[in-house]
Amino acid sequence: KFVRFFWPLVQALKELGGSARPEEARLKVAELTGVSEAVQTELLPSGQPRFDHHVHWAKFYLSKAGLIDSSRRGVWTLTDKGLAFPTGTHDGALQLFKEIHSQF
């Protein structure tokens, strides 16, 4: 399910000037996707919000794809590749996920 947040996360970081703190990025993704407050606060059995978990997994895969750099603690930054990357389709996001996942 987190794959659906790939492109909104890239778009959110673009709209936030190319980088943001995770909380800023998460809020922008929620705004762009229309995720309700109720969905944003739904918890996993671990106690972590499911929405936060999904956005962080999207960031993880986009980092592995070279679109996001998170080497600075507490900041997610689009790489040059990420800035130039066109927003794709859900099928494109699934393909990117499969390519990155196959590397593990």
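How many of the 10 residues of α1 are buried? Seven are, and α1 is mostly covered.

The model is predicted: local features need pLDDT of at least 70, side-chain atom pairs count only at pLDDT 80 or more, and totals for chains, interfaces and linings use all residues. Residues are numbered from 1 along each chain as its sequence is written, and side-chain values use heavy atoms, with hydrogens and water left out.

**View 1. The covered helix α1 and its residue A12.** The buried residues of α1 are F6, W7, P8, L9, V10, A12 and L13. Buried means under 20% relative accessible area, exposed means over 50%, and partly exposed lies in between (1.4 Å probe, protein chains only). Helices (H or I, at least four residues) and strands (E, at least two) are DSSP runs, numbered from the N terminus. A12 has 0% relative accessibility and counts as buried. Leaving out residues up to four places away in sequence, A12 touches A25, K28, V29 and L32; contact means heavy atoms within 4.5 Å. From A12 to L43 the spacing is 31 residues in sequence and 23 Å in space, C-alpha to C-alpha. Just after α1, G17 takes a positive phi of about 90°.

**View 2. Aromatic pairs at F2 and F5.** A pair of aromatic rings is described by the distance of the centres and the angle of the planes. Rings of Phe, Tyr and Trp (its six-membered ring) pair if their centres lie within 6.5 Å; planes under 30 degrees apart count as stacked, over 60 as edge-to-face and the rest as tilted. The whole structure holds 11 aromatic pairs. One of them joins F2 and F6, a tilted pair with 6.3 Å centre to centre and 40° between the planes. F2 and F6 are buried. F5 and F51 make an edge-to-face pair, 5.3 Å centre to centre with 90° between the planes. This pair links distant parts of the chain, since F5 is in the segment before α1 (6-15) and F51 is in helix α4 (residues 50-64), 46 residues apart. F5 and F51 are both buried. F2 and F6 also belong to one aromatic cluster, together with W7, W57, F60, Y61 and F97.

**View 3. The crossing of α4 and α6.** The axes of α4 and helix α6 (residues 90-101) come within 10 Å and cross at roughly 70°. Axes are lines fitted to C-alpha atoms, for helices over the stretch in contact, and angles run from 0 to 180 degrees between N-to-C directions. The two helices, α4 and α6, are therefore roughly perpendicular to each other; angles under 35 degrees count as roughly parallel, over 145 as roughly antiparallel, 65 to 115 as roughly perpendicular and the rest as oblique. Y61, L62 and K64 of α4 make the contact with L96, F97, I100 and H101 of α6.

**View 4. H54 in helix α4.** H54 is buried, with a relative accessible area of 12%. Not counting residues up to four places away in sequence, H54 touches K1, F2 and F5.

**View 5. R26 in helix α2 (residues 22-33).** R26 is buried at a relative accessible area of 10%. With residues up to four places away in sequence not counted, R26 touches Q40, F51, D52 and V55.
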